[in-house]
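Hello,

Here is the structure I promised to pass on to you. Please have a look at it first, and then read my notes below.

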Amino acid sequence: MTDAAQTALLNSLAAAGLPGDIIARRRWADCCSLKAGMGHVVILTPRNPAELAQSLSACRSIGVATATLGAGSNAVGSDDDDHAAVIIRLAKNGPFADITPLGDDRYRVGAAALLGPALTALARLGAGGFAGLSGIPGSIGGAAAMNAGANGQDFGQAVVAMEGFDRRDGTPQVLPCQPDAWSYRHSPRPDWLIVTSVTLSLQPVHPTAELARIHAERQRRQRVTPTGASAGSVFLNPTPELSAGKLIEGAGCKGWSRGPFAVSEQHANWIVNTSRQPGSAQDCRSLVDAIKKQVHAVHDLDLHTEWRFF
Ligand SMILES: Cc1cc2nc3c(=O)[nH]c(=O)nc-3n(C[C@H](O)[C@H](O)[C@H](O)COP(=O)(O)OP(=O)(O)OC[C@H]3O[C@@H](n4cnc5c(N)ncnc54)[C@H](O)[C@@H]3O)c2cc1C
């Protein structure tokens, strides 16, 4: 899609009746924590369920697909303006970030809320048990889509239901979640579900003690997180015992780079952008492919990315 075609798309969305201030065109690198992707994308930022339903209806009426982005902390953008989908990113201020007590230690948490601040807010309400996840960046929607995990805890362990909209026909949906439907970085969320909130089942906690656990976890993270912009771990660990970082280090990839992206010297399963300048998705993919090839050559093992490429 050329510049002109993207402008036409913006105009069509406005003509379909969407409020002008929820429609924008952005460079991908500015939407992803790694700052990867030199192309531009059309983004809709609905502020409430009615605007989300209206956005989906407008996209359907002009025949354009939708994809969802949370905080962009596990995402690599595209270099191509010719991107076939409109990105839906729920507004962080307003109902999509609300926390609602439901009784029986259950809470509905909006998908646009950030995971760490949401766990802090829940701790203040006397609910917790997941302090181990409190240093993971990103949104509640992203945590539900990725089954974000750390310190032996997975977000899915807390989720009893996901609420949202079916992107195909705009209908509201509630998806009850069984604990065994989640696994390492795997979520039962179907591709068509735009998550607008999750229902969490938490443990009663003493606020001061839970806030102290959250604080300690954030401090620990600060000590171990590699320097530079990143999108977290690049590859899935092949097994719980076999870490992708050790395999990559053993294959001699530490320090390899393409453009502003380099394999971190601190943690080989992290690609960092130490310049913090925008870089091309192609450089990023090329580095990922080179690592995969080298690990295959040295260890005869295939690595699979955790990142989402748009
Ligand atoms: C410094 C750093 C440390 C990290 N550490 C960890 C870690 O310890 N453990 C871990 O698991 N991850 C970690 N990550 C990765 C990342 O933070 C998580 O995967 C996070 O849950 C992604 O959330 P997000 O909102 O940024 O999602 P995005 O990156 O925006 O999107 C990721 C995927 O989720 C989908 N998605 C997002 N929101 C929605 C929604 N509302 N409805 C439907 N689909 C949605 C997107 O379509 C995409 O497929 C780290 C990242 C960074 C930068």
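Buried means under 20% relative accessible area, exposed means over 50%, and partly exposed is in between (1.4 Å probe, protein chains only).

Before you go further, please note that this is a predicted model: local features need pLDDT of at least 70, side-chain atom pairs count only at pLDDT 80 or more, and totals for chains, interfaces and linings use all residues. Residues are numbered from 1 along each chain as its sequence is written, and side-chain values use heavy atoms, with hydrogens and water left out.

The protein is divided into domain 1 (3-88), domain 2 (95-209) and domain 3 (226-309), with bounds that come from an automatic or database domain assignment. The centres of domain 2 and domain 3, taken over C-alpha atoms, are separated by 28 Å.

**Helix α3**

How many of the ten residues of helix α3 are buried? Seven of them are, so this helix (residues 115-124) is largely enclosed by the rest of the structure. Helices (H or I, at least four residues) and strands (E, at least two) are DSSP runs, numbered from the N terminus. The buried residues of α3 are Leu-115, Gly-116, Ala-118, Leu-119, Thr-120, Leu-122 and Ala-123. They pack against β6, β7, β8 (127-128), α4 (140-146), β13 and α5 (207-224).

Thr-120 is buried, with a relative accessible area of 12%. Not counting residues up to four places away in sequence, Thr-120 touches Leu-211, Ile-214 and Arg-218; contact means heavy atoms within 4.5 Å. Ala-123 is buried too, with a relative accessible area of 0%. With the neighbours up to four places away in sequence again left out, Ala-123 touches Pro-207, Glu-210, Leu-211 and Ile-214. The C-alpha atoms of Ala-123 and Glu-210 are 87 residues apart along the chain and separated by 5.9 Å. Just after α3, Gly-126 takes a positive phi of about 85°.

Pro-204 is found in strand β14 (residues 203-204) and counts as exposed, at 61% relative accessibility. Pro-204 and Ile-291 are 87 residues apart in sequence and 44 Å apart in space, C-alpha to C-alpha.

Asp-105 lies in the loop between β6 (99-103) and β7. Its phi is near 60°, a positive value in a residue other than glycine, and at 30% relative accessibility Asp-105 counts as partly exposed. Asp-300 has a positive phi as well, near 55°. Asp-300 sits in the loop between α7 (281-299) and β19 (308-309) and counts as exposed, at 60% relative accessibility.

**The second largest pocket**

The second largest pocket has a volume of about 160 Å³. On a 1 Å grid over the protein atoms alone, a pocket is an open set of points where a 1.4 Å probe fits, with protein on both sides within 12 Å along at least five of seven lines, and lining residues have an atom within 4 Å of a point. Grid points are joined across faces, edges and corners, and the volume is the space filled by probe spheres set on the points.

Which residues line the second largest pocket? They are Pro-49, Pro-95, Phe-96, Asp-98, Thr-100, Arg-108, Gly-110, Glu-163, Phe-165, Thr-196 and Ser-197. β7 (106-110), β11 (159-166) and β13 (193-201) each supply at least two residues of this lining. The lining residues divide into four nonpolar, four polar and three charged.

Best wishes

Methods. Nonpolar A, V, L, I, M, F, W, Y, C, P; charged D, E, K, R; others polar.
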